[in-house]
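Hi everyone, thanks for making the time. Let me put it on the screen.

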Amino acid sequence: MQKLHLVNSGYLTNAATLLFAKDPQDFQQGAYIKIGYFASDADLLYQDEIHGSLLEQVDKALEVIYLKYMKAKISYGGIQRVERYFVPEAALREALLNAVCHKQYESCIPVQVSVYEDRLYGANVGVLPETWTLHNLLVKHESRPYNPNLATVLYYAGCIESWGRGIEKIRTSCRADGLPEPEFTVHPGDIMIQCIAPEDRIARVHDSLGEKDQGILDLLSVNPEYTVTQLSDELGFSGKTVAAHMRKLKAEHKIERVGSDRKGYWRIPKTRDTSAANRGRGKTRRA
């Protein structure tokens, strides 16, 4: 710790607790990454918080984002299945490393990642060096970390370089994957990155529904008056699970309730493919 300059007058510094504590949140509020999935700017469907040392948070966040939040556009080259995301992992890793390295931890606000079907935002409470503008950030510049002690340890750990190339590495990764470069916005209190998915990289939700969602939609295509209890019996899932997926489908505008809870029915927008229901009207196979 002394060699890394993480000790001051015999006490561990804030940087030491952020880098190596099991949960830096015990010492510094907001020292985590918050991820949310949005159907629209006003509709948050679900979220996660990524805790642990700063040396762990980025890898944990990447795993959660690519497994749970971002859906890959699937295509086939012959018999080879190809999965392509609208944000390359190398670019997102660099963006998250930049965020945790340069954040103003005294703000007590976490790094925030907002994922949509067709775009992603990353927001970080931070400021540019004095006299810098967005132009300085996007052209070649010297390394001027806001938290030098954090940057030094992340450099020794092999996570970052020390030449101020982070933004260019993000842009290069996107170009190499045939994607548009992300947009960067400098607000008075934060810096934001925005990645927009081109049409050929958007994996529409209805193209990649989970088994439970698909089963519910197939049954409602057959009988829009099914209750949660009846759906639970048909699918073999608990009523609580069915109800949770119904709320999710409703928030995503995959189903709409017409009439009252007791005497109404469920309507599925016409864009929904009902071919599964038209192929047969037998019961869905239980899991």
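A search of the whole structure turns up one cavity of 30 Å³ or more. By cavity I mean a set of points, on a 1 Å grid over the protein atoms alone, where a 1.4 Å probe fits but cannot get out. Before going further, a word on the source: this is a predicted model, where local features need pLDDT of at least 70, side-chain atom pairs count only at pLDDT 80 or more, and totals for chains, interfaces and linings use all residues. Residues are numbered from 1 along each chain as its sequence is written, and side-chain values use heavy atoms, with hydrogens and water left out.

Back to the cavity. The largest cavity has a volume of about 50 Å³, a volume being the space filled by probe spheres set on the points, with grid points joined across faces, edges and corners. Which residues line the largest cavity? They are Tyr37, Tyr69, Met70, Lys71, Phe86, Tyr116, Glu117 and Ala203, where a lining residue has an atom within 4 Å of a point. By class, that lining has six nonpolar, no polar and two charged residues. For the classes, Ala, Val, Leu, Ile, Met, Phe, Trp, Tyr, Cys and Pro count as nonpolar, Asp, Glu, Lys and Arg as charged, and the others, Gly among them, as polar.

Keep an eye on Met70, one of the residues lining that cavity. Leaving aside neighbours within four places in sequence, Met70 is in contact (heavy atoms within 4.5 Å) with Ile65, Tyr85, Phe86, Val87, Leu92 and Val115.

Met70 also takes us to the core. The largest nonpolar core has 51 residues, and Met70 is among those with the most contacts inside it, along with Ile33, Ile35, Val87, Leu92, Val113 and Val115. A nonpolar core here is a set of buried Ala, Val, Leu, Ile, Met, Phe, Trp, Tyr and Cys residues joined through side-chain atoms within 4.5 Å. Buried means under 20% relative accessible area, exposed over 50%, and partly exposed in between, using a 1.4 Å probe and protein chains only. Several elements supply at least two residues each to this core, including strand 3 (33-40), helix 2 (54-69), helix 3 (89-102) and strand 7 (111-115). The largest share, eight residues, comes from helix 3. Apart from this core lies another, of 14 residues, among them Ile216, Leu217, Leu219 and Trp266.

Helix 3 comes up again at the largest pocket, where it gives the most to the lining, with eight residues. A pocket is an open set of points with protein on both sides within 12 Å along at least five of seven lines. The largest pocket has a volume of about 750 Å³. It is lined by 42 residues, of which Asn98, Ala99, His102, Leu137 and Ile167 lie nearest its centre. That lining divides into 25 nonpolar, eleven polar and six charged residues.

Now, cysteines. How many disulfides are there? The count comes to zero, a disulfide being a pair of cysteine sulfur atoms within 2.5 Å. The sulfur of Cys101 is 9.6 Å from the closest cysteine sulfur, in Cys159, so the two are too far apart for a bond. Cys101 is buried, with a relative accessible area of 1%, while Cys159 is partly exposed, at 28%.

A few loop residues next. Ser9 lies in the loop between strand 1 (7-8) and strand 2 (11-12), and has a phi near 55°, a positive value in a residue other than glycine. Ser9 is exposed, with a relative accessible area of 67%. His253 is in the loop between helix 9 (239-251) and strand 11 (256-258), with phi near 65°, again positive in a residue other than glycine. His253 counts as exposed, at 54% relative accessibility. Glu142, in the loop between helix 4 (134-138) and helix 5, is partly exposed at 44%. Not counting residues up to four places away in sequence, Glu142 touches Trp132 and Gly164.

To finish, the whole protein. There are ten helices and twelve strands; these are DSSP runs numbered from the N terminus, helices being H or I of at least four residues and strands E of at least two. Of the 287 residues, 40% count as buried.
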